[in-house]
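User: I would like to go through the cavities, the ligand site and the charged pairs, with the reasoning behind each label.

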Amino acid sequence: MGRDIKAVKWFFDTQVLKDPFNPGYATFKVTSKCNLRCTFCNPSYYSGELGEAPTERVKKMIDNMRDSSVIVLSFEGGEPTSRPDILDLLNYAHDGSFYIMLTSNGYRLRDENFLAKVADKIDFLHYSIDEYHWNVKNLDDLCRFRKYGIKVNVQTVVTRFNLDKLEEKVRKVRECGYKILAMPAVDYPDSKVKLAPDPEKFYKVMYELKSKYGSTLNNSWGFINALVGKTPSRVTSYAITVYPNGDIPYPDDINGEVVGNVAENRLKDIMKSEKVRSLQKKMLENQARFEYLHLQTASFNSLRDLISYATEMAKWRFTGRA
Ligand code: SF4
């Protein structure tokens, strides 16, 4: 099914039929290896501990998600470009079933040949830039991606220590006509360093920046309001995570349980299981309350927030300008 038809179906199923078991966004962790060791990152995402499936198995996962409700398939890791077969995998997924995102720390994107090939196979580039990726200076030549026609969404991790630097980043991104997404650091239960920003302070900064820079800031109003508990009564997240071996921890990788394997079964069938239904009650509890994807997609329970966000994204998709 085509991605735009899927989007219409998703809207009908979730907003009209009120069926919450329709994830629209999949964080697809295709590797657990990375060339960096960011302070806030869970070591299992860069040490290789979670493994890496062979090409054909990853393709099977993609096939098992094609006829599901997933509209946006985000290739992540680890660092997804560390896979030698990443171009093959992006190409395989990019047949119109999904909007394809690539989330990268930019390490391999310095190679212009590689970048040109990637540009043909993705719809959006999520480029991680912040103090913790040691690459803030990359904001100074960010506009170079324009010549490849890539829609760039800078993804920046906000901690209690760099919150005051967020506006400068937003300004630089705006100069290129791109978007920036501020993701609050999550303190994992075993994290030694506590980095998560104070929700009230984070809310205040985000409120001011969204009012001033509008759609350049890719966080929805629903997300911003959810930071201080202004959530709709029905708090369902529409995001799922897929581990490198195909396992799906649900509702998320922090406090979830594995509910199935998408290399073995269709996502549609996994989402119908009793286990998923009972675990969904845990949505937005404990640490998950401040995990970006839950907050962003939970805001889609409000029709007003959903329409406002979808309008911003449609403008970006069809005009190429944030
Ligand atoms: S670049 Fe991403 S995956 Fe790699 S260590 Fe940093 S946060 Fe983790």
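Analyst: Seven elements, β1 (25-29), β3 (99-104), β4 (124-128), β5 (152-158), β6 (179-184), β7 (239-242) and α10 (292-298), each supply at least two residues of the lining of the largest cavity. The model is a predicted one.

User: What makes the space within the largest cavity a cavity rather than a pocket, and what is its volume?

Analyst: A cavity is a set of points where a 1.4 Å probe fits but cannot get out, whereas a pocket is an open set. The largest cavity holds about 820 Å³ of space. Its lining has 40 residues, and K29, E76, Q155, M183 and Y188 are the closest to its centre. By class, that lining has 19 nonpolar, 14 polar and 7 charged residues.

User: How many cavities of 30 Å³ or more are there?

Analyst: The count is 2. The second largest cavity has a volume of about 30 Å³. It is lined by 11 residues, with P23, S237, Y238, A239 and Y250 closest to the centre. This lining has 8 nonpolar and 3 polar residues, and no charged ones.

User: Where does the ligand sit, and which residues surround the ligand?

Analyst: The ligand sits in the largest cavity. That wording requires more than half of its atoms to lie within 2 Å of the grid points. The residues around the ligand are C34, L36, R37, C38, F40, C41, Y46, G78, N105 and H133. By class, this shell has 6 nonpolar, 3 polar and 1 charged residues.

User: What is known of the second largest pocket?

Analyst: About 320 Å³ of space lies in that pocket. It is lined by 17 residues, and K9, N22, S68, S69 and K268 lie nearest its centre. Both α1 (3-16) and α8 supply at least two residues of the lining, and α1 gives the most, with 4 residues. The lining has 6 nonpolar, 3 polar and 8 charged residues.

User: Why is the contact of R57 with E264 called a salt bridge?

Analyst: The label needs a side-chain nitrogen of Lys or Arg within 4 Å of a carboxyl oxygen of Asp or Glu. The N to O distance between R57 and E264 is 3.0 Å, so the pair qualifies. R57 lies in helix α2 (residues 55-66) and E264 in the loop between β9 (257-261) and α8 (267-270), so the pair ties together parts that are 207 residues apart in sequence.

User: What makes K212 and E167 a salt bridge, and which helices hold them?

Analyst: The closest N and O atoms of K212 and E167 are 2.6 Å apart, and the limit is 4 Å. K212 lies in helix α6 (residues 199-213) and E167 in helix α5 (residues 166-176), so the pair ties together parts that are 45 residues apart in sequence. K212 is exposed at 54%, while E167 is partly exposed at 28%. Elsewhere, salt bridges that share partners join R110, E112, D141, R144 and K147 into one network.

Terms used. Residues are numbered from 1 along each chain as its sequence is written. This is a predicted model: local features need pLDDT of at least 70, side-chain atom pairs count only at pLDDT 80 or more; totals for chains, interfaces and linings use all residues. Side-chain values use heavy atoms; hydrogens and water are left out. Buried means under 20% relative accessible area, exposed over 50%, partly exposed in between (1.4 Å probe, protein chains only). On a 1 Å grid over the protein atoms alone, a cavity is a set of points where a 1.4 Å probe fits but cannot get out, and a pocket is an open set with protein on both sides within 12 Å along at least five of seven lines; lining residues have an atom within 4 Å of a point. Grid points are joined across faces, edges and corners, and a volume is the space filled by probe spheres set on the points. Ala, Val, Leu, Ile, Met, Phe, Trp, Tyr, Cys and Pro count as nonpolar, Asp, Glu, Lys and Arg as charged, and the others, Gly among them, as polar. A residue is near a molecule or strand if one of its heavy atoms lies within 4 Å of it.
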